[in-house]
Amino acid sequence: MLQEHEIKVLLIDDQPMIGEAVRRMLSEEEGITFYYCEDPASAIPKAIEIEPTVILQDLVMPDIDGLLLLRFFRANPITHDIPMIVLSSKEEPKMKADAFAMGANDYLVKLPDAVELIARIRYHSQAYINLLQRNEAYRIMENYIKRLEEEQARSESLLLNILPKPIADQLKKAKSIIAESFSDVSVLFADIVGFTQLSASISPIELVHLLNNIFSRFDNLVERYGLEKIKTIGDAYMVVSGLPSPRVDHGEAIAEMALDMQLEMASFRLENGLDVRIRIGIHTGPVVAGIIGTKKFIYDLWGDTVNTASRMESHGIPDEIQLTEDTYNILKDKYRLESRGSIYVKGKGDMMTYFLKGRK
């Protein structure tokens, strides 16, 4: 980046006598560096090389028309903005008008008075330096804005990995607890059977990788069926259908998820040679969902429906999907269901439960 008083002058003139005369005019001027180019065909490469702050250019040269060279300078993106002071042997209104039309910044009859020439060089150079400094400031600002937008997008992505989008949008505006009642949702709990025994035989890092493999498969199913993953607790997985955006087919969606979870576990066993299975429980009913607290936000569910779904899993059987009667009633016409009969459920007493066996 050029400093405020760093002035570089490039003279393009086929007459070395003119070049020497201009050099002498500028030799005593502090902060001005003079360059001379006798060959107009080399003018643009020379300008690109030295990066002048102003160019003095003769309009009448034998090898190339001065106006054409001026056009070339303005057509080149590197030299497009460099101030151009054209020099002519006499005051010619038509030539002066053509020069300005081609992009000249100034017009002088050579050889100009030294004081006037230096004044115009300093004026145009400083204007160009100011332009470069403004462009640099804009570039820095654009980069800052771009980085800020990238950080905002990264923060937004992280937030959406933790919270549903409607809740994340509310959280940005809300100053109080976010909580909402939903009258009809289906909650699923899943637990990996045999994981505790497996953890005693492999390293913690291997265990985490295996668990990540399984839960990543489940996450893909959540996305496929438009459900909402709530959380994982150790080797347990919790997902809900029907919120934060209510849907009439919440039961069918959670059933599809459960059946595919069984398929994913079968695939995992085959690929890894491990005897781990899954126990799934589902219940349908009302919940309250939202965020409480002020740090480490988590979108969670509360209510008897959640507790009952958890009991369906914990009182279930490996490789089975256990349902309550409420869930059974909304699935019975579309899925193959099998009665397990009445079982005692801790905290609930005797309950009729069913197994989801497949699609009809």
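D319 is partly exposed, with a relative accessible area of 33%. This value comes from a predicted model. D319 is in the loop between α10 (304-314) and β11 (321-324). Most residues other than glycine have a negative phi.

E51 shows a positive phi too, about 55°, although it is not a glycine. E51 sits in the loop between α2 and β3. Is E51 buried or exposed? E51 is exposed, because its relative accessible area of 53% passes the cut-off of over 50%.

### Helix α2

Which residues of α2 (residues 43-50) are buried? They are A43, I44, A47 and I50. An α-helix has 3.6 residues a turn, so residues three or four places apart point the same way. On the other side of α2, P45 and E49 are exposed.

What do the buried residues of α2 pack against? Three strands are on the list: β1 (7-12), β2 (32-37) and β3 (54-58). The helix α3 (66-75) is on it as well.

### Two helix pairs

Two packed helices are described by the angle between their axes and the distance between the axes.

Start with α2 and α3. Their axes are 10 Å apart, and the helices pack at an angle of about 40°. That angle makes α2 oblique to α3. The crossing of the two is right-handed. On the α2 side, A43, I44 and A47 make the contact. On the α3 side, L69, F72 and F73 meet them. The contact of α2 with α3 has six nonpolar residues, no polar ones and no charged ones.

Now take α8 (residues 204-225) and α9 (residues 250-272). Their axes come within 10 Å and cross at roughly 150°. This makes α8 roughly antiparallel to α9. α8 passes α9 in a right-handed crossing. Which residues of α8 make the contact? They are L210, N213, I214, R217, F218, L221, V222, R224 and Y225. From α9 come A253, E256, M257, D260, M261, E264, M265, S267, F268, E271 and N272. By class, the contact of α8 with α9 has 11 nonpolar, three polar and six charged residues.

Most peptide bonds are trans.

| Cis peptide bond | Omega |
|---|---|
| K110 to L111 | near -10° |
| L243 to P244 | about 0° |

Where is L111 found? L111 is in the loop between β5 (106-109) and α5 (114-162). P244 is in the loop between β8 (236-241) and α9.

### Back to the start

Find A43, I44, A47 and I50, its buried residues. Turn to the other side for P45 and E49, which are exposed.

Notes. Residues are numbered from 1 along each chain as its sequence is written. This is a predicted model: local features need pLDDT of at least 70, side-chain atom pairs count only at pLDDT 80 or more; totals for chains, interfaces and linings use all residues. Side-chain values use heavy atoms; hydrogens and water are left out. Buried means under 20% relative accessible area, exposed over 50%, partly exposed in between (1.4 Å probe, protein chains only). Helices (H or I, at least four residues) and strands (E, at least two) are DSSP runs, numbered from the N terminus. Contact means heavy atoms within 4.5 Å. Axes are lines fitted to C-alpha atoms, for helices over the stretch in contact, and angles run from 0 to 180 degrees between N-to-C directions. Angles under 35 degrees count as roughly parallel, over 145 as roughly antiparallel, 65 to 115 as roughly perpendicular and the rest as oblique. A crossing is left-handed if the near helix is turned anticlockwise from the far one by less than a right angle, and right-handed if clockwise. Ala, Val, Leu, Ile, Met, Phe, Trp, Tyr, Cys and Pro count as nonpolar, Asp, Glu, Lys and Arg as charged, and the others, Gly among them, as polar.
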